[in-house]
Amino acid sequence: MAPRANWKGFLRLSLVTCPVALYLATSESEKISFNQLNRQTGHRIKYLKVDADTGDEVPNEDIVKGYELDKGQYIEVTKEELEEIALESTRTIEIDEFVDKSDIDPRYLIRPYYLRPDGKVGHDAFAVIRETIREMNKVAIGRVVLTNREHIIALEPLDKGLVGTLLRYPYEVRSEQEYFDEIQDVKVTKDMLDLARHIVNQKAGRFEPEKFEDHYETALIDLINQKRAGKPITPKERPASTNVVDLMEALRRSVGKEAAPAKAAKPGKKPRKASSGQKEMLMPIEGKKPNVTAAKKPAVRPQRKSA
C-alpha cells in the first residue's frame with residue numbers, strides 16, 4: 001500500500017511551479033506501546049470528555065475551542081472564524097530564500113518530511129528546483145501550512161526527492177542564558193585536554209544509525225516474551241557506580257578502559273542490522289503460526305488482583 005500523504009499542494013520557485021506531496025519521514029509506530037487497563041477486570045480504560053463542573057459527558061458537536069483570558073474566563077472561537085483567517089499559502093510552499101545549512105541552529109529543527117512530485121505531471125519542474133538547490137549547495141527556506149498552522153520549512157535534496165524539515169519560530173526557542181548563567185568558569189589544564197582528546201580518538205568513527213540498538217525497546221520485547229511464556233520475572237542487578245573524585249585519575253582510567261575493548265574487538269564483525277520492525281522479534285504463541293496482530297497486542301491478559 002502506498003504511503004498516505006500528510007499534505008498535498010504546490011512547490012513554487014518564482015514562476016516555476018509543480019504539484020507535490022509531503023510525507024512524514026519518521027515513524028514511532030514500530031515501538032512497543034501499552035494500553036491502560038482496569039487491574040480488577042483486565043478491561044481497557046476508556047476516556048470520556050466531560051464538563052469540568054457538572055461531570056456530564058459532552059458530545060463532540062457541543063465542544064468548541066476557547067482561549068483562557070483569566071482563570072475560568074474564556075473567549076470562544078468557532079470553527080468558521082478560524083477558517084476565515086486561514087492563510088492563502090495553505091496549498092503552496094513558496095521558496096523565499098536560500099541559506100547555508102550551517103546557518104540553521106539545530107535547536108530550530110522539528111521533524112523531517114519527504115517531498116516528491118504528486119502525480120505524473122510536474123516532474124521536470126521538480127527536478128529543476130531540486131537540482132538548483134543541489135548545485136548551489138544551499139538550503140531552500142519556505143513556508144507550509146499544516147493543521148491550520150503556518151510553519152517554516154527547510155528543503156534539501158535527497159536522492160531523487162527533497163527532504164523538508166519543519167523549523168521552529170524564534171519565540172519557541174528558549175534562551176540558553178536561563179540555564180548556563182550559573183555554570184562556573186573552570187580552567188581546563190593541557191594534561192586534562194590531552195587525555196580527553198586521547199579518549200575521543202579511541203572512540204572516533206562514522207555515524208552509522210543501523211549499528212545502534214534501542215536497548216529499552218529490546219528489554220520490553222524480552223519482558224513481554226517472558227510473560228507470555230509464563231516465566232518468572234527477576235530484577236536484574238544494577239552495576240555498581242564508581243565514584244572517582246580525582247578528575248585526572250578518572251581520565252586516566254577512561255583511557256585504559258577504552259583501549260582494552262579496542263584490542264579485543266573482532267575484525268570483520270558486522271554491526272547488528274536494525275529490523276524493519278522491532279515487534280517482529282516478539283515470539284509467536286507456542287503451537288501457532290506467527291500472528292502480526294498478536295505481536296502488537298499480547299494475548300495474555302493480566303491476572304486479576306485484589307485492590
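Which residue in the turn of the β8 and β9 hairpin has a positive phi? Asp159 does, at about 55°, with two residues between the strands. The model is predicted: local features need pLDDT of at least 70, side-chain atom pairs count only at pLDDT 80 or more, and totals for chains, interfaces and linings use all residues. Residues are numbered from 1 along each chain as its sequence is written, and side-chain values use heavy atoms, with hydrogens and water left out.

- Strands (E, at least two residues) and helices (H or I, at least four) are DSSP runs, numbered from the N terminus.
- Two strands pair if DSSP finds at least two bridges between them.
- β8 and β9 are antiparallel and share seven bridges. Ile153 sits opposite Leu166 in β9.
- β6 and β9 are also joined, by five bridges, and run antiparallel. Here Leu115 faces Leu162 in β9.
- Buried means under 20% relative accessible area, exposed means over 50%, and partly exposed lies in between (1.4 Å probe, protein chains only).
- Strand β9 (residues 161-167) is largely enclosed by the rest of the structure, because seven of its seven residues are buried.
- In a regular strand, side chains alternate between the two faces of the sheet.
- In β9, Gly161, Val163, Thr165 and Leu167 point one way, while Leu162, Gly164 and Leu166 point the other way; all are buried.
- Ile110 lies in strand β6. Its relative accessible area is 31%, so Ile110 counts as partly exposed.
- Ile110 and Leu167 are 57 residues apart in sequence, yet their C-alpha atoms are 5.5 Å apart.

- Strand β1 (residues 7-13) pairs with strand β2 (residues 16-24) in the antiparallel sense, over seven bridges.
- The hairpin of β1 and β2 has two residues between the strands, and Ser14 takes a positive phi near 60° there.
- β1 also runs parallel to strand β5 (residues 92-99), with three bridges joining them.

**Salt bridges**

- Side chains of opposite charge can pair when their charged atoms come close.
- A salt bridge here is a side-chain nitrogen of Lys or Arg within 4 Å of a carboxyl oxygen of Asp or Glu. The count comes to 14 salt bridges.
- Glu94 and Arg12 form one of them, with the closest N and O atoms 3.1 Å apart. This pair links strand β5 (Glu94) to strand β1 (Arg12), 82 residues apart.
- Glu94 is partly exposed because its relative accessibility is 28%. Arg12 is partly exposed too, at 30%.
- Asp96 and Arg143 form a salt bridge with closest N and O atoms 3.8 Å apart. Asp96 is in strand β5 and Arg143 in strand β7, 47 residues apart.
- Asp96 is partly exposed at 48%, and Arg143 is partly exposed at 33%.
- Asp96, Arg143 and Glu150 are linked in a network of salt bridges.
- Glu156 and Lys101 meet in a salt bridge (3.2 Å, N to O). Glu156 is in strand β8 (residues 149-158), and Lys101 is in the loop between β5 and β6 (109-117), 55 residues away.
- Lys101 counts as exposed because its relative accessibility is 54%.

**Second largest pocket**

- A pocket is an open set of points on a 1 Å grid over the protein atoms alone, where a 1.4 Å probe fits, with protein on both sides within 12 Å along at least five of seven lines; lining residues have an atom within 4 Å of a point.
- Grid points are joined across faces, edges and corners, and the volume is the space filled by probe spheres set on the points.
- The second largest pocket holds about 550 Å³ of space.
- Its lining has 19 residues, of which Leu82, Ala86, Thr147, Asn148 and Arg149 are the closest to its centre.
- β1, α1 (79-84) and β7 (139-146) are the elements that give two or more residues to this lining. α1 gives the largest share, three residues.

**Loop residue Lys31**

- Lys31 is in the loop between β2 and β3. Its relative accessibility is 40%, so Lys31 counts as partly exposed.
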